[in-house]
Amino acid sequence: MEKTKKSGSVLGKIWSQYSFIFVFIAIFAVYALVSSSLTWSGVMNIFRHTAVVGTLALGMGLICITGEIDLSIGSMLALIGGLSVMVFNVTGSIIATLLFTLASGAVFGLVNGFLVGVVEMPAFIVTLSTMLIYRSASQYICKLVPKDLIGNGSSVYKMNQGEGFKEAYNSLFGFGNGKFFTVPVVGILLIIVTIIFVYVSSSTKFGKKVYAIGSNKKAAGMAGINVQLNKTLVFVIAGVLTGLGAFIWIAMNGSCDPATTGKSYEMYAIAAVVLGGISMSGGKGKVVGIIFGAMSYTVIDKIIVALKMDSLIQDAIKGVILVIVILIQVAGPKLKESRLFVKYFKK
């Protein structure tokens, strides 16, 4: 009896800490069953299709660990993507384009971070406002600037492929769509970025401060942690990662549509964070789970396509899955507490 209890507690501990792996395996198993033409190349493409959302989700995950949220990253992606296409069309330089995406992401993230961390406005209101601002600005700039700056596109930012730009364009497009021993290059980049942020979150003072703030903001402040500064930094980091996501996007697509690029990506990033086991109330979860959550969401997309479901119902299905996962997250601990409560009074 004692052995059964011990094994049950061990399994329960493993599940609570690494549930995101089991969730991914279960979702992938469903995909393998419903897909009639699953190949190694198809499996590797999961990394490619996860690259942008996964990068954004890492930033969202850090924000959620502090107990906050960012609704602006999808619109920020569109604005940075459009502006970075213009930078490329002026300079013809991949390095300049990359540096611009990271720097502009930091600036836009700083706007959110200052208002949330320093001014202490509600993150939901701040990022809802900047979501509208960034998307609107992206569309207006595309309409306002000379057409040669947007690759002679009409309502879409297009990268210049003409004389003097072709070599740089081909290199960038090759990066976005290339493979290294069958593994997409952008997927490898996502794995590298994930490893960096797993280390930052688990093995640095900054990471421990982020978790402390999410667990108990008041106690963290009393312990000497600068809550305002660290909250601001988290939003700046999320902005930089959004900038990196924008760079990956234009490398993969060669263009950026201000109306549709990044649309609902903030929700997809939140879904990846939740599926990855990060608590929306803050202070709990493993950053490594985010990449599994992002891949799980990508595979759910593929299952919907494989089942040939109506495109109009796809977001509804994703929404239902997200609600179920959050319900399990919230109801699980409460159920455990209620059992302990009953057990206590039975004594």
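Student: Is Ser37 buried or exposed in this structure?

Tutor: The model is predicted, so local features need a pLDDT of at least 70 and side-chain atom pairs a pLDDT of 80 or more, while totals for chains, interfaces and linings use all residues. Residues are numbered from 1 along each chain as its sequence is written, and side-chain values use heavy atoms, without hydrogens and water. Buried means under 20% relative accessible area, exposed over 50%, and partly exposed in between, with a 1.4 Å probe and protein chains only. With a relative accessible area of 55%, Ser37 is exposed.

Student: How far is Ser37 from Ala306 in space?

Tutor: In sequence, Ser37 and Ala306 are 269 residues apart. From C-alpha to C-alpha, their separation in space is 9.4 Å.

Student: What is the phi of Glu120?

Tutor: Most residues other than glycine have a negative phi. Glu120 lies in the loop between helix H4 (94-118) and helix H5 (123-144), and counts as exposed at 55% relative accessibility. Its phi is positive, near 65 degrees.

Student: Where does Phe181, another residue with a positive phi, lie?

Tutor: The phi of Phe181 is near 50 degrees. This residue is exposed, with a relative accessible area of 69%. Phe181 lies in the loop between strand E2 (179-180) and strand E3 (183-184).

Student: How many aromatic pairs does the structure hold?

Tutor: Rings of Phe, Tyr and Trp (its six-membered ring) pair if their centres lie within 6.5 Å; planes under 30 degrees apart count as stacked, over 60 as edge-to-face and the rest as tilted. By this rule, the number of aromatic pairs is twelve.

Student: How many residues apart in sequence are the parts tied together by Phe88 and Phe165?

Tutor: The two rings form a tilted pair, 6.1 Å centre to centre with 55 degrees between the planes, and both residues are buried. Phe88 lies in helix H3 (residues 73-91), whereas Phe165 lies in the loop between strand E1 (157-158) and helix H6 (166-177). The pair therefore ties together parts whose separation in sequence is 77 residues.

Student: What separates Tyr265 from Tyr268 along helix H11?

Tutor: These tyrosines form a tilted pair, 5.6 Å centre to centre with 50 degrees between the planes. Both are buried. Because they are three residues apart in helix H11 (residues 265-275), their separation is about one helical turn.

Student: What is the area of the nonpolar surface patch that includes Val119?

Tutor: Val119 is in the loop between H4 and H5 and counts as partly exposed at 42% relative accessibility. Leu110, Phe114, Val118, Val119 and Met121 make the patch. By the Shrake-Rupley method with a 1.4 Å probe and only the protein chains shown as cover, its area is about 400 Å².

Student: How many disulfides are counted?

Tutor: A disulfide is a pair of cysteine sulfur atoms within 2.5 Å. Cys256 is buried, with a relative accessible area of 1%, and its sulfur is 8.5 Å from the closest cysteine sulfur, in Cys142, too far for a bond. The count of disulfides is zero.

Methods: Helices (H or I, at least four residues) and strands (E, at least two) are DSSP runs, numbered from the N terminus. Patches are made of residues with over 30% relative accessible area and no salt bridge: like charges are joined within 9 Å, nonpolar side chains (Val, Leu, Ile, Met, Phe, Trp, Tyr) within 5 Å. A salt bridge is a side-chain nitrogen of Lys or Arg within 4 Å of a carboxyl oxygen of Asp or Glu.
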